[in-house]
Amino acid sequence: MSKKVIAIVVIFLSAVIFGGYKLISTTSVGISGLRVNSEPVASIFLNDKLIGKTPYNSQYAAGEYIIKLIPDETSETTSTWQGKIKLIPSSYTVVKRNLGT
């Protein structure tokens with residue numbers, strides 16, 4: 001085989017390997033956006049760690065999380081909410097909850 005053909009094959013294979021690596025690495029670890037809104041204002045816990053208050057907007061590693069909202073106002077008409085969310089790579093997850101009045 002000529003040197004040109006070998007060089008083209010090597011470049012093609014390198015591109016395929018690099019492209020496959022980028023595809024696998026971005027889909028397995030990716031970053032996801034998270035927006036949390038509530039009425040009334042609430043403290044936000046992600047996997048039992050306080051991350052802020054509503055309204056909230058940030059980015060996290062993709063994966064499953066337990067999210068908990070605890071309203072700042074305490075009354076008989078407000079309640080805490082907890083749920084499981086799955087953050088998907090290159091996606092935006094919105095949590096919106098009415099915790100009472």
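Modeller: Two strands pair if DSSP finds at least two bridges between them. Strands β2 and β5 are joined by five bridges and run antiparallel, so they count as a pair under the cut-off of at least two bridges. This is a predicted model, in which local features need pLDDT of at least 70 and side-chain atom pairs count only at pLDDT 80 or more, while totals for chains, interfaces and linings use all residues. Residues are numbered from 1 along each chain as its sequence is written, and side-chain values use heavy atoms, with hydrogens and water left out.

Biologist: What makes a run of residues a strand or a helix here?

Modeller: Both are DSSP runs, numbered from the N terminus: strands (E) need at least two residues, helices (H or I) at least four. The chain has one helix and seven strands, in the order α-β-β-β-β-β-β-β from the N terminus on.

Biologist: How do you know which strands form the open sheet, and in what order?

Modeller: The order is β3-β2-β5-β6, with antiparallel pairing. β3 (49-53) and β6 (81-87) each have a single partner strand, so they stand at the edges and one side of each lacks a neighbour in the sheet. From one strand to the next the twist averages 30 degrees, an angle between N-to-C directions of lines fitted to C-alpha atoms, on a scale from 0 to 180 degrees. Four bridges join β2 (residues 42-46) to β3, and seven join β5 to β6.

Biologist: Which residues let me follow F45 across to its bridge partners in β3 and β5?

Modeller: In β3 the bridge partner of F45 is L50, and in β5 it is K68. K68 in turn stands opposite Q82 in β6.

Biologist: Why is a set of residues called a nonpolar core?

Modeller: It must consist of buried Ala, Val, Leu, Ile, Met, Phe, Trp, Tyr and Cys residues joined through side-chain atoms within 4.5 Å. Buried means under 20% relative accessible area, with a 1.4 Å probe and protein chains only. The largest such core has 15 residues, and I44 and Y60 are among those touching the most other members. β1 (31-39), β2, β4 (56-61), β5 (63-71) and β6 each give two or more residues to this core.

Biologist: What is I44 in contact with, beyond its neighbours within four places in sequence?

Modeller: Contact means heavy atoms within 4.5 Å. The partners of I44 include V36, L50, Y56 and I67.

Conventions
Buried < 20%, exposed > 50% of the residue type's maximum accessible area, 1.4 Å probe, protein only.
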